Amino acid sequence: MADSNFIDYVKFCSRSGAGGAGSVHFRREKHVPKGGPDGGDGGRGGHIIIRGNAQLWTLLHLKYKKHVIADPGKGGEGGRRTGADGKDVILEVPLGTVAKDAETGEKRFEITEDGQEVILTRGGRGGLGNDHFKTATNQAPHFAQPGEPGIEEWIILELKLLADVGLVGFPNAGKSTLLSSISAARPEIGDYPFTTLVPNLGVVGYRDDKSFVMADIPGIIEGAAEGKGLGIRFLRHIERNSILLFLIPSDASDLQEQYRILLKELEKYNPELLDKKRILAISKADMLDEDLIKEMEAEVPKDIPYVFISSVSQFNLEKLKDLIWQAIHS
């Protein structure tokens, strides 16, 4: 996914169609001087519908849609003919898309399955024709219902990537290198902070043709929850991961402090993230000998499974996959 093509947030005005008016009409037939009412109902206004599409990865195709408008329903006609319904507008979105009310921030629904359809903005009902209002005492009603107006509202769509494992770490921790080493993904890799500006997904092969999905999330820095660095823009993607893989480089000055800062930023953004399963991988371990690894193990946080790895030399990558697979299926 190219940087310029990854769009995970769109805001637009959604306007459903108004319902058609009911008809006021009376039968006009030869030799029937006083035909009764036969006005038909108005058609329903068009809905705005959201549909899941597993072939989509971003919201790029909706980036420039500032107004989404459905057609109104047609009015009813004589002979009890119902007006045509307004044409629905269907917006296809990637799996993991959440719809929210732009004014209140209230979550409406989320799309998690291919082909799943949810009505975002409901079209107005068509009005009843005068045929519905005839009674013994009012045999010639000269009125019918108007159609319901459509609904106009501002909507936010947010994409939260669906992955089994989310990589969490500071810039330059080696997240992109790890993803490129154990999957077919080819994220941009460089020796400077914030090389990764968009999340990347990779399918990681495991034993017996099994696999799981890993997401490389852009680096977190202290204060990210307050908007520093890349801010909270990409923290939303971590919410969808069932396991958080913390990546801390072995040349970090203090392993426990870096781990604490990362946990703190996640807690500030959403305390529920701390309930997810966690694994710690200490990267760039090809620079360490066995004695140094044993010495560093004393600094590793005690409440989390950990493994020393090297993406470049493939050191302990199979062991890391085993830990992840066990965590996914435990």
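## Helix α1 and S176

Helices are DSSP runs of H or I with at least four residues, numbered from the N terminus. In this predicted model, helix α1 covers residues 175-182, and S176 is located in it. S176 has a relative accessible area of 8%; because the cut-off for buried is under 20%, S176 counts as buried.

An unreviewed UniProt entry lists S176 and T196 under "binding site".

S311 is placed in the loop that runs between β14 (306-308) and α4 (317-329). Its relative accessibility is 10%, so S311 is buried.

Leaving aside residues up to four places away in sequence, S311 touches G174, T177, L178, S181 and L317. T177, L178 and S181 are among these contacts, and helix α1 spans residues 175-182. Between S311 and A285 the C-alpha to C-alpha distance is 8.7 Å, with a sequence separation of 26 residues.

Strand β2 consists of residues 48-52. Four of its five residues are buried, so the rest of the structure largely encloses the strand.

Which strands pair with β2, and in what sense? Strand β4 (residues 89-93) runs parallel to β2 and is joined to it by five bridges; in this pairing G52 is opposite V93. Strand β7 (residues 117-121) is antiparallel to β2, with four bridges between them, and here I49 faces I119.

Key:
Residues numbered from 1 in each chain as written. Predicted model: local features only at pLDDT ≥ 70, side-chain atom pairs only at ≥ 80, totals over all residues. Heavy atoms only, no water. Buried < 20%, exposed > 50% of the residue type's maximum accessible area, 1.4 Å probe, protein only. Helix = DSSP H or I, 4+ residues; strand = E, 2+ residues; numbered from the N terminus. Pairing = 2+ DSSP bridges. UniProt positions renumbered as here; feature names shortened; annotations may be inferred. Contact = heavy atoms within 4.5 Å.
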